[in-house]
Amino acid sequence: MGNMTSDKIQPQSEFLLRLSSLLKRGSQAAIKQAVMIFLVTIILFPLFFIFNNALKTRDQYLANQLAISLSPTWENFIKVFQYPNLLSWFTNSIILTSVSVGLCTLIAILAAYAFANLEFPGRDILFNLITPLMVIPPIVMIIPLFVFFQKIKLINNLGGPILIYTGLMLPFTIYLLRNFFITIPTEIREAALLDGCTSAQLVTKIILPLSRPALVTSMIVNAVWVWNELLIALVFLQTEEQRTLIVGIAASLQKRFNLDIPSLMAGLAVTTIPMIILYVIGQNALVRGLVAGFEK
Amino acid sequence: MGQILSKKKPVRSWLLAYLYLSPAILFILVIFVYPVFDLAWRSFTKVRDGITQWAGFEAYRATVSDPIFWQSLSNNLRLFIAVPILVVLSLIIASIIFERIHGWRVYRTIVFIPYVLAIPVVGIVFSYVLQLHGVFNTLLTSLGLKNLTTDWLGNTHTAIWAIMFIVIWKELGFGVVLFLARMSSISEELFDAAKLDGANWFDQLWNVTIPQIATVIEFYVIIELITMLSWVFAYVLVMTKGGPGSSTWVMEYFIYQKAFPYSQMQIASAGAILILVFASILMFLQARVRRRVEVMNG
Amino acid sequence: MKSLQRIFGLAVVLVLILTACATQPSAAPTAGASQPQAQPAQTQTTSAGEKTKLLIWYWGEQEAPGMKSFMEKAVQVYNQENPNISVDAVLQESDSLYTAFRAAAAAKSGPDIQYLWGGTQALPDAWMGNLAPISDYWTQDELNHIPAGQRAETYWDGKQWGVPFYQIGTFWAYNKKLFAKAGLDPENPPVKWDDWMAACDKLNAAGITPIGTGFKDGWLGGWMVSYLGQQNLNSIDDLLAAIRGEKSLTEPMYAEWWSRWKDMIDHKCFNDDIMSLDLYQGQDLFGQQKVAMTNHVEPYIAILERKLGADTVGVMRTPVYGTGKLANSVGIPAQILAITSFSQHKKEAADFLRFLHRDDIMKMMYDMAGAITPDDRFKQEWLNVNSDKMIMQWRSEYPLFWYQYYYPPVWETEGSIALGQLLATGDITPQEAATRWQAVAVKNRQDNPSELDAYKKWILPPDMFK
């Protein structure tokens, strides 16, 4: 290593090594960027299709589905907002979502607390019975519940789907929350109890704030699910006024604007915007929640 | 795990626990337990001239001898193929994003968007995009691939696969975000060690990342298997209504069709019980596999 | 975030309270769980000074635009003429038309008059006991004003169950200008099958898509079987015999139509994106003047004629290939109104239905909705478009038969729709279609013994068709 020639060679080969690894990394990076850009295009294309065509007139759409609308028009959105029951659909969706998610979260908190922090006979068996219920296709529940609700006149009543959604979301929510509650160190709980906290205060003042990520995650996931849900809303809310936004758009609006695709797209856009807003707001919390929820 | 925190007598803590559990148990009884029993009962009866009578296995025989039932089941099985595809794609994309390439935050945000969209919305858009004279075929033609164009949702050979592609499109983001979240808790040292050993991108993925996030991968697989079995009704209803012919019927659609338009409740119930059995078998197999993997890993 | 949670929690409680309040009122008065909110009318017994209330649930705006305005006006007129009766008519949605009615029937409380699509889309409710026969309230003379072929669709077990409300003549609209461009006679559309196939060839040669329609949503199946399926039959009973299982659908009489449908596919009569489009979307191609023909119903053909001009839009019958007595039959089925079995005012309901067949009211329905009442008292001179005139003429010239309204619903969903789609995509041959259709029929008879029993009571007395 003291040789003149080898001294000259070393920097050269090192440079070549660096260059080749740089190129490799560069081309690798380029490939990765290309993959991501390709992915993003595929993901965003349907959204582009919706919003772009929502701004076209019917003739413009028929002429070219792909072209960017150069003279955008709001007439389709106006048509959608003028659709008689749109406001009721929107309100129904809001009520359904907030009440069922709220109710489910409350009940799940109680149950998860019991499973996580209390000892009682049958605890593990019960928990392991409840969790697999997530597997069952909702369609399976619907027939008996439909017949039953018909008898007690709960069809075409928002209360019906609220009860069903609450029940359907419970296994997942209980599972998620319980797994999170377990991770709260016992020392904290014991300290709080020694300080004279009642059980209820323990839950509200200590456990809930600490579980914020899991709570937010479950509420957002559940809210998205309820808002977007089709089958149950379709079967249990049958009259125009009672429908949810999704069912209304998918069933009624699609029929009405069967020949007017841009207006249909405007309807889809109207449905999508609330969810995207919710997502953008809750994004960080959601990610944090997913991290926390699945750490073992 | 939970310890006995209360200094009160044990019996009272049981009561407290069951008190807390009671609303949940009530709901689960009404929403899950009651329907299953009702279905089971209903699947063994029939209604003739307004009177309900015992029918034995008639409904099951009718269901099992219905070719559409088997077509529905096989379509769900076809959809299962999406799960490994989802895992592989999610892993690759999560790894790329995890490397913090330029713009990774934007990519992470965008990748999850399909998950928050409603299935009917997604279904409606794609059914227009995939029309014979729709945008997708226009794109293929402009790339010189005219002979690949077809009526994607109107062709019995491609319809179910087109649906599968759309389900993948929608579910991918969930896996990516899930894996990313878990990846962020893998200690750096493991990656450094691998790089020192001369591991390239793929090696790192295979030897470091995957084993570390194995539990999350397993969770994702379970969730997606459940999705392919129990949560695809809306796609079929909105995009193909089971057509062309019956080439895109799935189990949920079978049950729905038999129950509502056909009003053959007993056949729908039999189908529902059968799918429950199928799902239970799947869950059981999955638990067995997991236990075996755990044993193998020591 | 903590305050956000608190606010959220409060909001939930608030909404819970609001929902509890909001859902109470709608739960209480609706004895029939799915009555539309706007309905105060209930069936009650009259006492001195109180009005008899009649509730009608109807459909038709979707098929005959203007029907809603017509019903509102008709009800207004009737209420004025009959001060002791108060009629309320509510337009139903396609999706909930039947489910809402079945729920009301289960609760034995709801409309006095129910609209149903005709034939086997109405009779199951008669079989279930949800309807009351009109023949108990109208005399045979009154009923005889309705063409027999249209009465037969809801005549069962010796009684007339449905009152035909409006007819939907189902034919083919064709574009005279495009015909001329392809070298076809615009005033004499093809009448024989081979001529029709040749016409498709000529249109294709001229670069014009012959027929524009949509099969994605499946409805076309019911149209095709009704255009083609009956041409070798000699009477309605020939079909009923096959339904009862006395004949096999693989026999040429019942099977040939699949091959004729295949003819149309082979001659490229249909638009290539037929599987991408819903029915209305495909029909709209005709409205956009991009195709030469489409399958359509009477009120809409009239609308097209008014919009594009009588020199552009013509109406033609399905060309004939068959050799049975029904070979040149035309499809002018009727949608019906029926008295419900749980109505407390059946006699008044029957009166209102009589009112709808009054001259001035029939004319009003045509003027406002373009819908024609199936009644021989409907006057030719009221018609104001060519296509309507031609259709009315055909009604008196040719036998009436609409396949779709006689066969069990399963024969459609698993037959003309499902198998038709497979035929259209080229997945099965006509022979396979016929065989599989027979299998569907056999399985249906097995699974539905009560339906089979009901069909055995569907006997049409020959003297009905004088």
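In this predicted model, chain A is assigned two domains, domain 1 (4-54) and domain 2 (84-293). The centres of domain 1 of chain A and domain 2 of chain A, taken over C-alpha atoms, are separated by 42 Å. The points below are grouped by topic.

**Chain A: fold and domains**

- Chain A contains 13 helices and zero strands.
- Along the sequence, the pattern of chain A accordingly reads α-α-α-α-α-α-α-α-α-α-α-α-α.
- Chain A has 296 residues, of which 47% count as buried.
- Among the contacts in chain A with a separation of 6 or more, 76% are between residues 24 or more positions apart.
- Between the two domains of chain A, which have centres 42 Å apart, the contact takes four residues from domain 1 of chain A and seven residues from domain 2 of chain A.
- On the side of domain 1 of chain A that touches domain 2 of chain A, three residues are nonpolar, one is polar and none is charged.

**Chain B: domains**

**Chain B: a pair of packed helices**

- Two packed helices are described by the angle between their axes and the distance between the axes.
- Helix α4 (residues 82-98) of chain B packs against helix α12 (residues 214-230) of chain B at an angle of about 140 degrees, and their axes are 9 Å apart.
- The crossing of α4(B) and α12(B) is right-handed.
- From α4(B), the contact involves Ala82(B), Val83(B), Leu86(B) and Val87(B).
- From α12(B), the contact involves Ile217(B), Tyr220(B), Val221(B), Glu224(B), Leu225(B) and Met228(B).
- The contact of α4(B) with α12(B) comprises nine nonpolar residues, no polar residues and one charged residue.

**Chain C: domains**

- The contact between them draws on 15 residues of domain 1 of chain C and 14 residues of domain 2 of chain C.
- The side of domain 1 of chain C that touches domain 2 of chain C has nine nonpolar, four polar and two charged residues.

**Contacts between chains**

- The contact between chain A and chain B takes 74 residues from chain A and 76 residues from chain B.
- Several helices of chain A each supply at least two residues of the side that touches chain B, among them α4 (86-117), α7 (159-182) and α13 (261-293).
- The largest share of that side, 13 residues, belongs to α1(A).
- The side of chain A that touches chain B divides into 55 nonpolar, 13 polar and six charged residues.
- Chain C also meets chain B, with 15 residues of chain C in contact with 16 residues of chain B.
- On the side of chain C that touches chain B, helix α17 (residues 409-424) of chain C gives the most, namely four residues.
- That side of chain C has four nonpolar, five polar and six charged residues.

**The nonpolar core**

- The largest nonpolar core has 314 residues.
- The residues with the most contacts inside this core are Ala108(A), Ala111(A), Ala112(A), Ala24(B), Val125(B), Ile163(B) and Tyr235(B).
- The largest share of this core comes from α4(A), with 17 residues.
- Leaving aside residues up to four places away in sequence, Ala108(A) touches Leu170(A), Thr173(A), Ile174(A), Leu177(A) and Ala24(B).

Terms used
Residues numbered from 1 in each chain as written. Chains lettered and ligands numbered in written order. Predicted model: local features only at pLDDT ≥ 70, side-chain atom pairs only at ≥ 80, totals over all residues. Contact = placed C-beta atoms within 7 Å. Nonpolar A, V, L, I, M, F, W, Y, C, P; charged D, E, K, R; others polar. Buried ≥ 20, exposed ≤ 12 C-beta atoms within 10 Å, placed from the backbone. Axes fitted to C-alpha atoms, helices over the stretch in contact; angles between N-to-C directions. Left-handed = near helix turned anticlockwise from the far one by under 90°. Domains from an automatic or database assignment. Core = buried A, V, L, I, M, F, W, Y, C linked by C-beta atoms within 7 Å.
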